[in-house]
Amino acid sequence: MVKINENFLKLPGSYLFSEVNRRINAYTAGHPEAKIIKLSIGDVTRPLVPEVIKAMHAAVEEQGTAEGFHGYGPEQGYEFLREAIARSDYKRRGVDVLAGEIFVSDGAKSDCGNIGDIFGVDNVVAVCDPVYPVYVDTNAMAGRAGEYQEELGKWNRLIYMPCVESNGFSPEPPKEIPDIIYICSPNNPTGAVMTKDQLTVWVDYANAHGSIILYDSAYECFITSDNVPHTIFEVEGARTCAIEFRSFSKTAGFTGNRCAYTVVPMELERGGVKLNTLWNRRQTTKFNGVPYVVQRGAAAIYTEEGQKQILANIDYYRENARVIREGLTAAGLTCFGGVDAPYIWLKTPDGVGSWDFFDQVLAQANVATTPGAGFGPSGEGYIRLTAFGEAEATRTAVERVRNMFR
Ligand code: PLP
């Protein structure tokens with residue numbers, strides 16, 4: 001009889017967003033007139049920019065001709081896109097990344113999960129708390145997380161690095177030395193970013209202990225502060241200890257088109273083996289590349305016009321973030337994030353629990369948020385608000401929450 005991967009049975013139900021939706025549905029069932037505004041969504045709302053649409057149209061036309069047809073492409077991505085990424089996302093910032101170190105994929109979510117394939121099950125993994133749940137759950141599936149302790153809301157083999165107000169929501173090296181360290185900056189859910197000095201501490205730590213940093217920079221395009229690196233490879237020594245994940249999802253509205261990339265430097269070796277070679281083997285075996293049309297669309301964001309157009313959308317979300325942050329702060333609430341990130345991490349007033357505050361805001365302001373406790377134990381006492389909504393709805397939502405506190 002076949003044996004299933006029993007690690008899947010240890011996973012707690014995907015509680016967070018289903019519970020958020022259940023509560024929203026329960027509320028609207030009792031209050032059909034309520035017009036709920038969702039500041040809970042992590043998806044973008046602005047359409048694709050014209051430059052991307054133009055490139056994708058042209059690519060579709062090419063696919064309909066014998067000369068222009070593209071079948072299976074290179075699993076690592078087309079050279080035109082890898083070169084554009086190397087030039088625009090790295091060289092332009094004074095960072096050398098080779099096209100051969102860039103692996104184009106269908107999402108940072110997939111890559112963050114799949115990267116575990118190249119690491120042994122015995123590695124000790126450290127995650128931030130609160131955390132993007134994908135890092136935790138994929139390690140649990142692989143058998144790297146141990147047992148889930150319901151009462152603590154934690155896995156017993158994972159190291160949790162609290163990211164709380166007292167440390168500026170920035171992880172600190174734990175006592176037990178992890179082999180694999182997940183860092184997400186700009187952070188989902190706290191909206192915090194790590195400065196170059198803070199990242200340098202981690203890079204030095206990882207190099208000293210032979211650990212690997214898995215650096216998720218899916219929200220890089222929201223960085224505005226000068227002292228915040230746009231890539232971990234701005235930090236000296238990162239090429240021997242870090243893998244970086246980036247995505248076109250939030251940068252260019254590709255959540256529905258699926259395009260991202262992962263950088264594995266040639267110098268990165270463990271046990272005498274190049275991780276670039278392992279990842280290449282993994283990808284060429286299990287992945288057949290991102291559609292040609294999508295890659296052409298992604299490459300179009302690197303033209304001068306494409307850059308202007310995506311920046312206008314990013315500015316739109318940045319303005320939403322400002323409206324939320326400043327509006328709620330003026331109402332006497334304590335907000336973090338929202339400067340270099342599309343997420344605002346709001347401290348619940350008077351120590352109210354995350355889920356209770358979620359219910360209050362839903363009922364009194366008809367605004368949906370995401371309870372911080374759903375991202376890990378240290379998220380208790382916070383809710384997450386996102387800047388990806390429509391501008392007018394965002395302003396209305398902020399006004400409604402402010403009215404709760406007048
Ligand atoms: N990484 C983080 C931290 C995210 O919050 C998200 C999306 O919510 C992703 C990765 C997923 O990115 P993609 O759409 O490229 O799979």
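**Note on cavities and ligand shell**

1. The lining of the largest cavity holds 6 nonpolar, 3 polar and 2 charged residues (Ala, Val, Leu, Ile, Met, Phe, Trp, Tyr, Cys and Pro count as nonpolar, Asp, Glu, Lys and Arg as charged, the others as polar).

2. The model is predicted, with local features needing pLDDT of at least 70 and side-chain atom pairs pLDDT 80 or more, while totals for chains, interfaces and linings use all residues. Numbering runs from 1 along each chain as its sequence is written, and side-chain values use heavy atoms, without hydrogens and water.

3. There are 3 cavities of 30 Å³ or more (sets of points on a 1 Å grid over the protein atoms alone where a 1.4 Å probe fits but cannot get out; lining residues have an atom within 4 Å of a point). The largest has a volume of about 60 Å³. Its lining includes Arg46, Lys250, Asn313 and Tyr317. H8 and helix H11 (304–330) each give two or more residues to this lining, and H11 has the largest share, 4 residues.

4. The second largest cavity contains about 50 Å³ of space. Among its lining residues are Cys163, Phe169, Cys184 and Met194. By class, this lining has 7 nonpolar, 2 polar and no charged residues.

5. The ligand has 14 residues around it, of which Asp216, Tyr219, Ser247, Ser249 and Arg258 come nearest. The shell comprises 6 nonpolar, 4 polar and 4 charged residues. Helix H5 (108–114) and helix H8 (248–252) each contribute at least two of the shell residues.

6. Oxygen atoms of the ligand lie 2.8 Å from a backbone N or O atom of alanine 108, 2.8 Å from a polar side-chain atom of asparagine 188 and 2.6 Å from one of serine 247.

Note on methods. A residue is near a molecule or strand if one of its heavy atoms lies within 4 Å of it. A polar contact is a pair of N or O atoms within 3.5 Å; within protein, one must be able to donate a hydrogen and the other to accept it, and residues adjacent in sequence count only if both atoms are side-chain atoms. On a 1 Å grid over the protein atoms alone, a cavity is a set of points where a 1.4 Å probe fits but cannot get out, and a pocket is an open set with protein on both sides within 12 Å along at least five of seven lines; lining residues have an atom within 4 Å of a point. Grid points are joined across faces, edges and corners, and a volume is the space filled by probe spheres set on the points.
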